[in-house]
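We will walk through it one stop at a time.

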Amino acid sequence: MNEPVVIDARGHRCPVPSLKLRKAMEAYGAGQRMTLLATDPMARIDVPFLMQETGGRVVEVVEEAGVLRLTVETGGALPG
């Protein structure tokens, strides 16, 4: 599998990290692995919700030095 697309949302507050991830999902489509870098702890809640809403899944959540690294696989349904 190819390396994940990295979306850097460090320093941004909710809802910006999820919006950046959603925009990348729209650009790359279904079946893509993506890694969101975020410093806002709400990303831990928002990203799994977005994945549930779009049919994707959270693959891994790691926190190091205050930075969340959320790796996801995109689904096929992006609600309008």
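Predicted model: local features only at pLDDT ≥ 70, side-chain atom pairs only at ≥ 80, totals over all residues.

Which way does each side chain point?

β1 and β2 run parallel and are joined by 5 bridges. Two places are worth a click: Val5 stands opposite Met34, and Val6 has Thr35 as its bridge partner.

Together with β1 and β2, α1 makes a right-handed β-α-β unit.

Time to show the whole sheet. In what order do the 4 strands lie? The order is β1-β2-β4-β3, in an open sheet with mixed pairing. Select β1 and β3 (57-64) to see the edge strands, each of which pairs on one side only. Neighbouring strands are turned by 15 degrees against each other on average, direction ignored.

Then select residues 43-54, helix α2. α2 packs on the sheet, where it touches β2, β3 and β4.

With the elements in place, look at the inside. The largest nonpolar core has 16 residues, and Ile7, Leu21, Met34, Leu36, Val47 and Met51 have the most contacts inside it. β1, α1, β2, α2 and β4 (67-73) each supply at least two residues of this core. The largest share, 4 residues, comes from α2.

Pick Met51 and display what surrounds it. Beyond its neighbours within four places in sequence, Met51 is in contact with Leu21, Met25, Gly56, Arg57, Val58, Val72 and Glu73.

Finally, zoom out to the whole chain. You will find 2 helices and 4 strands, and from the N terminus on the elements run β-α-β-α-β-β. The C-alpha atoms fill a box of roughly 30 × 30 × 20 Å along the principal axes. The radius of gyration is 11 Å, which agrees with the value near 12 Å that a compact globule of 80 residues would have. Buried residues make up 38% of the 80 residues. Of the contacts with a separation of 6 or more, 66% are between residues 24 or more positions apart.

Key: Residues numbered from 1 in each chain as written. Heavy atoms only, no water. Pairing = 2+ DSSP bridges. Right-handed = clockwise from strand over helix to strand, strands pointing away. Core = buried A, V, L, I, M, F, W, Y, C linked by side-chain atoms within 4.5 Å. Buried < 20%, exposed > 50% of the residue type's maximum accessible area, 1.4 Å probe, protein only. Contact = heavy atoms within 4.5 Å. Axes fitted to C-alpha atoms, helices over the stretch in contact; angles between N-to-C directions. Rg over C-alpha atoms; globule rule 2.2 N^0.38 Å.
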